[in-house]
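Me: I would like to learn how to read a structure model, one feature at a time. Please give the general idea and then the case at hand.

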Amino acid sequence: MKYIYSILILSVFLFTSCNQTKSNEKSEEKKIKVGVTMLSMQNEFIVNISDEMNKKAEELGVELITVDAEHQPLKQIEQVESFIAQKVDVIIMNPCEVEASSPAVTKALAAKIPIINVNSATSTKPTAFVGSNDVESGRIAMKFIADKLGGKGNIVMIHGFMGQAAQIQREQGAKEILKEFPNLKLIAHQTGEWDRAKSMDLMQNWIQSYGKDINAVFAQNDEMGLGALKALQDTGLKDKVIVVSIDAIADALQAVKKGTLDATVFQNAKQQGAGAIEVAVKIATGQSYEKEVMIPFMLVTKENIGRFLK
Amino acid sequence: MQYINRLRQYGIFVVFIIICLILSLISPQFLTVSNWTIIITQASINALLAFGVTFVIITGGIDLSLGSMVAVTGVTAAMLAHPDTFPVALPIFAGLLAGLLMGVFNGFIITKSKIAPFIVTLGTMTIGRGLALILSKGRPISNLSDSFNFIGGGNIFGIPFPIIVLILVFIICSIILKKTLLGRYIYAIGGNEQASRASGINVNRVKMAVYSISGLLAGLAGILLTSRITTGQPNAGAGFELDAIAAAVIGGTSTSGGTGTMTGTLIGVLLIGVINNGLDLLNVTSYYQQVVMGTIIIGAVVLDSWNQKNN
Amino acid sequence: MPSNPKNILHVQNLSKAFFGVKALNNLQFELQKGEVHALMGENGAGKSTFMKILMGLLIPDSGDIIFEGESLKNSNVHENLQKGISMIHQEILIVPELTVAQNIFLGREINYRNWLNDKAINQNAQELLNLIGVNINARTKIKNLSIAEMQMVEIAKAISTNAKVIIMDEPTSALSNKEVSTLFKIIKDLKAKGVSIIYISHKMDEIYEISDRITVLRDGKYIATKNTSELDKNDLIALMVGREIDRLFPENISKKGEEVFSVENLSTKGKFEEINFEVHAGEVLGIAGLMGAGRTEIARAIFGLDKYDSGEITLKGNKINIKSPKEAIEKGIGYVSEDRKVLGFIPAMSINENISLSSLANFSNAWFVNSTDEQEATTQLSNDLKIKSTSINQKVMNLSGGNQQKVVIGKVLLTSPSLVILDEPTRGIDIGAKFEIYKLINQLTDKGIAVIMISSELPEILGMSDRILVLSKGKQTALLSKQEATQERIMHYAVS
């Protein structure tokens, strides 16, 4: 074992010293190196943020190393550790988890490498945060429903995976609005696990038990909203029920354009991705920067859909 | 002993009837034609997978790659199902072919390498998920033709198409298992693989057949799912294999092989469907739904092992 | 039997039955302190069952075992080991991935508050190995040892438990002459220290070299105990085979026809070599030999269950090369395995389904089974074979051993074979069913089928066979005609 340790230490030493000579040689045209770890590259919205980061990085001449944490906080921490070992200039993290991804922040700060959280937060404060407040998106969606129904009616809510930050915050925002309108009744709420097929089944079952009593559906993401929408269309109830969801993915925008989905809430992937890179460059070059960049949500309806469709 | 075996099958059926009775007492909407249409439609995808895996489990094997195969086949079909491109037969054929090929791959590795099916299909489960992501570039594939969307959403004489598919596949699978040489050999291999070989059965060929059937039915399930939600999703089907295996086990298929029926599996599928539906109707929190489902699965397996001990 | 103060072990009226078949019937046995006591008997005489009961692996149906004045009747393996009864198994029960030392102290690891003391374990194990004079490093993994070395480790393990009684079941079967003499030296040392040894072996020379007394068992019964020096070899064989051949075996009057099957120089390395014989239509060729003589291995090779290295097989004048049981069945060879539970039948399937399993294609078109034809054929056969059941749809697992065997034979018969190999056809079935199986064998030969019958029961071999092939350690030692064969002669060639 001792033998293996010494090889490890030696190789780390060689590796870092090589790096140093290399960077010394090119010190004048030194590129800013940013390590990026993303929640999951299987999620369309996250992929969008990542794409926007790449675009911005190319524009500003920043070198990006992007890795996928595959929803696993532990994996994410290991990725941050490897960024620290590689001595990147800045780390950008799209956290898997509020609590479980926090150690990554602590480690980066301890190694004196600035770390930026993008899209969602960790309990440990990072160097900077670029993203949106998910509570706000819940508020916007539910406010739309309240306005449409004139503050009176029966609502069902489809949750994401229970216990995830986005689910908790979107629910919190929605409930804040419900409190303001005592005549809006939440008659049922269940998880659709962010999944279109599951939410479709759930909505079908609700149609059985509540039938025409349902006036509006709030789904915590577009996939689930589209699933519920399909179930309502199949039973011919769509005209009588308002469906609102969050994220503004491509399918959802098409549905809004057709007038089947009443509204979605646009979370600005472009501004989040580009914003994170801009802050990273400011930190790396020693300019002043904002500790919290909040990108506002926008309600997307048939009236303003043109602005969101490319 | 035969009597006890019968009783066990009836046992699950009795449990099924009792749960239905309780639900119909609590929820007036439960025992309606429209609700049952929904229950069976929702159960159709799990049913196809469960029928396929029943063959596999009776031979003493297991197939964990079902969910991934659903994703691969769904994405494959969706890529070819955009309006005004190809006739609807092509995406259906491609989806089925993709499933069949993955099944053949499973069978090939299992028979040639003699590695446990659990390990092999665990591997293909991961490979399949990766393939689905590669094919779709990580994004859902939408904008599918109306004729394709009919498969999962259309009606014939007022009966949803998925229900018709379910009934046809159920009949075919039952006939294969009960009336054909292949069916007899499937039971024989699960009952005693060595004796089957010594009796002149080509064990490898039968195993190839069951994994291929399982893949083909997963392909059908993938097409049905894609059509139903009108998009091909690379992360669809995650965990479907467990529901399918659970349905087969609840229906009396022994995980040690040799016993099981399609009727039992159908009851298992419907039981899971009814519980999901019923708990939604009653608006029971999903946390409790999971506890109830797990309890029923364990109960069924305990019943199974108790029965085996008595033999 | 009066208890003798010199006795360390005293066994009274021990009985044990499996599925109605008595493996042990009122057995008596006495073991003195510091003696080597040989236990003799044919295969199936009850030696293994008796040893398993002594070890606590089986619980007897009745009778008692008194060890140092204490009853062992309901004790388990662990307790018996602690009391000082230890066994060196025929099939070696050690863990290949662990080291020699770890195996020796398996289950009794030297520890301090559950922390392993590896140093002490290795040291003590090495001392033990040195003590019995074997040159093995205690830190070697078992899987890297030869079979003989593993056996020595087993002995070291037995000694380390401070055993008072050590059972040795065929301990020399895998040892070279030099290793055997090492073992005998160890046995003599143990004896001098007052350890008693129960020694089971088929090798007469060894018995006479090492044992003080001999107890003979037959058909699960106690026959006699004699001082080795007072019992000559022929008397011993007579005691072992003992029984008269009565009317158990129906007369075989079928006509012998042309040669149906032959093997020439059939060999598989380490299993059997240079086997030559032929079988004629209507003839029963018996194959005799002790356990491990290579009888079943030959049958498996002919049937395509195992590959063989060299030699030629001829069926009905055509040279054949069989690669799988499927091919063997198609060519007209049937095999009834010695282990019907593993290779014979599918327990969860019905009598009907089991009987038709090998010939299902004959009852079906391309895909579907014609169950009417199938049921007709299997019902007919089931009646012919007198299978006792509630219906043809009864599951085979719920039948008695004899009826299960008939189902397996039925399956083979339905394939219309020209050669049938019966491997221990009457193992584990009661006398009545045995008689029916014998009649069945004669029915086969009446139809002109050639039969090869492998059996460990000499009376069966003598009563049923037209000619008898005797094997010893994988080699063919004699091919006797019915007239030449006697139990003593067969035994003589089987141990040579």
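Reply: B:Asn143 sits in the loop between helix H5 (117-136) and helix H6 (146-153) of chain B. Helices (H or I, at least four residues) and strands (E, at least two) are DSSP runs, numbered from the N terminus. The model is predicted: local features need pLDDT of at least 70, side-chain atom pairs count only at pLDDT 80 or more, and totals for chains, interfaces and linings use all residues. Residues are numbered from 1 along each chain as its sequence is written, and chains are lettered from A and ligands numbered from 1 in the order in which they are written.

Me: What is the phi of B:Asn143?

Reply: Most residues other than glycine have a negative phi. B:Asn143 is not a glycine, yet its phi is positive, about 65 degrees. C:Asn265 also has a positive phi, near 50 degrees, but C:Asn265 belongs to strand S13 (residues 259-268) of chain C.

Me: Does each Asn count as exposed or partly exposed, and why?

Reply: Count the other C-beta atoms, placed from the backbone, within 10 Å of the residue's own: 20 or more is buried, 12 or fewer exposed, and in between partly exposed. B:Asn143 counts as partly exposed because it has 13 C-beta neighbours inside 10 Å. C:Asn265 has 11, so C:Asn265 counts as exposed.

Me: How many residues of chain A are buried, as a percentage?

Reply: Buried residues are 50% of the 310 in chain A. Strand S6 (residues 153-159) of chain A is mostly covered, with 6 of its 7 residues buried. S6(A) runs parallel to strand S7 (residues 184-191) of chain A, and 7 bridges join them. One of the facing pairs is A:Val156 with A:Ala188 in S7(A).

Me: Which strands form the open sheet of chain A?

Reply: Two strands pair if DSSP finds at least two bridges between them. The open sheet has 6 strands in the order S2-S1-S3-S4-S5-S11 (chain A), and the pairing is parallel. Its edge strands, S2 (62-68) and S11 (292-294) of chain A, each pair on one side only. Inside this order, S1 (residues 32-38) and S3 (residues 90-93) of chain A are joined by 4 bridges, and A:Gly35 is opposite A:Ile91 in S3(A).

Me: At what angle do helix H4 and helix H10 of chain B pack?

Reply: Two packed helices are described by the angle between their axes and the distance between the axes. Axes are lines fitted to C-alpha atoms, for helices over the stretch in contact, and angles run from 0 to 180 degrees between N-to-C directions. H4 (residues 89-113) and H10 (residues 203-228) of chain B pack at about 150 degrees, and their axes are 7 Å apart. H4(B) and H10(B) are therefore roughly antiparallel (over 145 degrees; under 35 is roughly parallel, 65 to 115 roughly perpendicular, the rest oblique).
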